Amino acid sequence: MTSIGTTISSAADLVGCNGMALFGKKNPNWYPCVVKKDDMDGTIKVQWEEDKKFTMRLPMEKFRPDDDPNDDLIGVPSIFGNEGGDY
């Protein structure tokens, strides 16, 4: 998969991709989700892993694929690896 940090031509490249997205206005945090739709305007529709609810019109910049080698989410707990931690 092409990482978001390199060359993604559109959000359509991310549909079906699992990753982490930034959510919240006052105290935003990163949460696991999957991209469900390319809104064709630089935003995406995501479904949150925890409660299965959707967020529409999330800016692509607020999403990081699981396999993004340019990921700089310092302080985001790894829920996909063996590093443990509470999430």
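A salt bridge is taken here as a side-chain nitrogen of Lys or Arg within 4 Å of a carboxyl oxygen of Asp or Glu. The model is predicted, so that local features need pLDDT of at least 70 and side-chain atom pairs count only at pLDDT 80 or more, while totals for chains, interfaces and linings use all residues. Residues are numbered from 1 along each chain as its sequence is written, and side-chain values use heavy atoms, with hydrogens and water left out.

**View 1. The salt bridge between R57 and D41.** The side chains of R57 and D41 meet with an N to O distance of 3.0 Å. R57 lies in strand β4 and D41 in the loop between β2 and β3, so this pair ties together parts that are 16 residues apart in sequence; strands are DSSP runs (E, at least two residues), numbered from the N terminus. D41 is partly exposed, at 45% relative accessibility, where buried means under 20% relative accessible area, exposed over 50%, and partly exposed in between (1.4 Å probe, protein chains only).

**View 2. The salt bridge between R57 and D39.** Here the N to O distance is 3.8 Å. The pair links distant parts of the chain, with R57 in β4 (residues 54–59) and D39 in the loop between β2 (29–38) and β3 (43–48), 18 residues apart.

**View 3. The salt bridge between D39 and K37.** The closest N and O atoms of D39 and K37 are 3.8 Å apart. D39 is buried, with a relative accessible area of 13%, whereas K37 is partly exposed at 43%.

View 4. Salt bridges with shared partners join K37, D39, D41 and R57 into one network, and the structure holds three salt bridges.

Definitions and conventions
Helix = DSSP H or I, 4+ residues; strand = E, 2+ residues; numbered from the N terminus.
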